[in-house]
Amino acid sequence: MTSLPSVLGGLDPTSDRAVFRQIADQLREAIDRGRFKEGDKLPSEAELVEHYGVSRMTVRNSFSILQGEGLVHAEHGKGVFVRPRPPVRRLASDRFARRHREQGKSAFIVEADAAGSHPKVDSLEVKEEKASQDISNRLGGSVRRVLARRRRYLLDGRPVEFATSYLPLDIVRGTQIAEPNPGPGGIYARLEELGHQLDHFEEEIRARMPSPTEVKTLQLASGVPVIHLIRTAFDTAGRAVEVCDTVMAADAYVLSYQLPAT
């Protein structure tokens, strides 16, 4: 490891900023500048205690700040490591392109291939249920019962998102969409085979901290937020044919958009 004085500065005794925050600032800057790269182990508590002349609790408080920001993660008995950057880039302008469905690929498989990762879907549940008021409204207001498809997505064995698709029963009951495996191209390919040519999608996105259930389902480290995305798919007749409620680990994705200038 490069000597700490060449990577980290010293404390400013004249600053009114708390010492543990000064240390966190210097570690953050070193990460941002690439002095500590993705996967690198940060200096140990003992090394930082010696370098700064502070207590172990002060160093731990500094680490806690960086963990809360999602920059680092701690491995018991091993140390504190720089968290890898998001491996998957979701291209909003391309992920639902018809050519992918025609090739028998779902959007998740396309993104996993681009990231060089192995995709997997587990925790699959398919059931008919009563639509919530919000889902009913998003599907046009008159839909009372839906087919719900719940699944969790993994990349290289790591859970990165889980999603529930809600589809009107009058469209999908008794079709392959109601089967655990909807076939090549996923449910959008089957919808188009049923005569519901897809026209456009509307998405609502917000970032928030996860619920305890989401932390467990996605195996999230402390301080990692989630991206909550709700997408509605419309066919060429203007009918809403699916609402997909998705929660993603924010440290696993970059959301990429192309916006027209006019």
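This briefing describes salt bridges, helices and selected loop residues in the structure above. The model is a predicted one. Helix H9 is largely enclosed by the rest of the structure, because seven of its eight residues are buried. Helices H2 and H4 pack at an angle of about 50 degrees.

**Salt bridges**

- Glutamate 45 and arginine 56 form a salt bridge through their side chains, with an N to O distance of 3.0 Å. Glutamate 45 is one of the buried residues of H3, whereas arginine 56 is partly exposed, at a relative accessible area of 42%.
- A salt bridge of 3.2 Å (N to O) joins the side chains of aspartate 251 and arginine 83. Aspartate 251 has a relative accessible area of 12% and is buried. Arginine 83 also counts as buried, at 10% relative accessibility.
- The side chains of aspartate 122 and arginine 152 meet in a salt bridge with an N to O distance of 2.8 Å.

**Helix H3**

- Helix H3 spans residues 45-52, and its buried residues are Glu45, Leu48 and Tyr52. Viewed down the axis of H3, these buried residues fall within an arc of 65 degrees, so they line one face of the helix.
- Glycine 53 follows H3 and has a positive phi, near 70 degrees.

- The buried residues in H9 are Gly186, Ile187, Tyr188, Ala189, Arg190, Leu191 and Glu192.
- Threonine 175 lies in the loop between helix H8 (169-172) and H9. Threonine 175 is buried, with a relative accessible area of 18%, and its side chain reaches the backbone oxygen of valine 172 at 2.7 Å.
- Histidine 196 is placed in the loop between H9 and strand E7 (198-208). Histidine 196 is buried, at a relative accessible area of 16%, and its side chain makes a polar contact of 2.9 Å with the side chain of aspartate 235.

**Packing of H2 and H4**

- Two packed helices are described by the angle between their axes and the distance between the axes.
- Helix H2 (residues 19-32) packs with H4 at an angle of about 50 degrees, and the two axes are 8 Å apart. That angle makes H2 oblique to H4.
- The crossing of H2 and H4 is right-handed.

**Alanine 74 and serine 64**

- Alanine 74 is found in strand E1 (residues 72-75) and is partly exposed, with a relative accessible area of 46%.
- The C-alpha atoms of alanine 74 and serine 64 are 9.5 Å apart, and the two residues are separated by 10 residues in sequence.

**Positive phi outside glycine**

- Aspartate 156 is not a glycine, yet its phi is positive, at about 50 degrees. Aspartate 156 is in the loop between E5 and strand E6 (158-168). With a relative accessible area of 53%, aspartate 156 is exposed.
- Glutamine 219 likewise has a positive phi, near 50 degrees, in a residue other than glycine. Glutamine 219 is located in the loop between helix H10 (212-218) and strand E8 (226-235). Glutamine 219 counts as exposed, at 55% relative accessibility.

Note on methods
Residues are numbered from 1 along each chain as its sequence is written. This is a predicted model: local features need pLDDT of at least 70, side-chain atom pairs count only at pLDDT 80 or more; totals for chains, interfaces and linings use all residues. Side-chain values use heavy atoms; hydrogens and water are left out. Buried means under 20% relative accessible area, exposed over 50%, partly exposed in between (1.4 Å probe, protein chains only). Helices (H or I, at least four residues) and strands (E, at least two) are DSSP runs, numbered from the N terminus. The arc is that of the directions from the helix axis to the C-beta atoms. A salt bridge is a side-chain nitrogen of Lys or Arg within 4 Å of a carboxyl oxygen of Asp or Glu. A polar contact is a pair of N or O atoms within 3.5 Å; within protein, one must be able to donate a hydrogen and the other to accept it, and residues adjacent in sequence count only if both atoms are side-chain atoms. Axes are lines fitted to C-alpha atoms, for helices over the stretch in contact, and angles run from 0 to 180 degrees between N-to-C directions. Angles under 35 degrees count as roughly parallel, over 145 as roughly antiparallel, 65 to 115 as roughly perpendicular and the rest as oblique. A crossing is left-handed if the near helix is turned anticlockwise from the far one by less than a right angle, and right-handed if clockwise.
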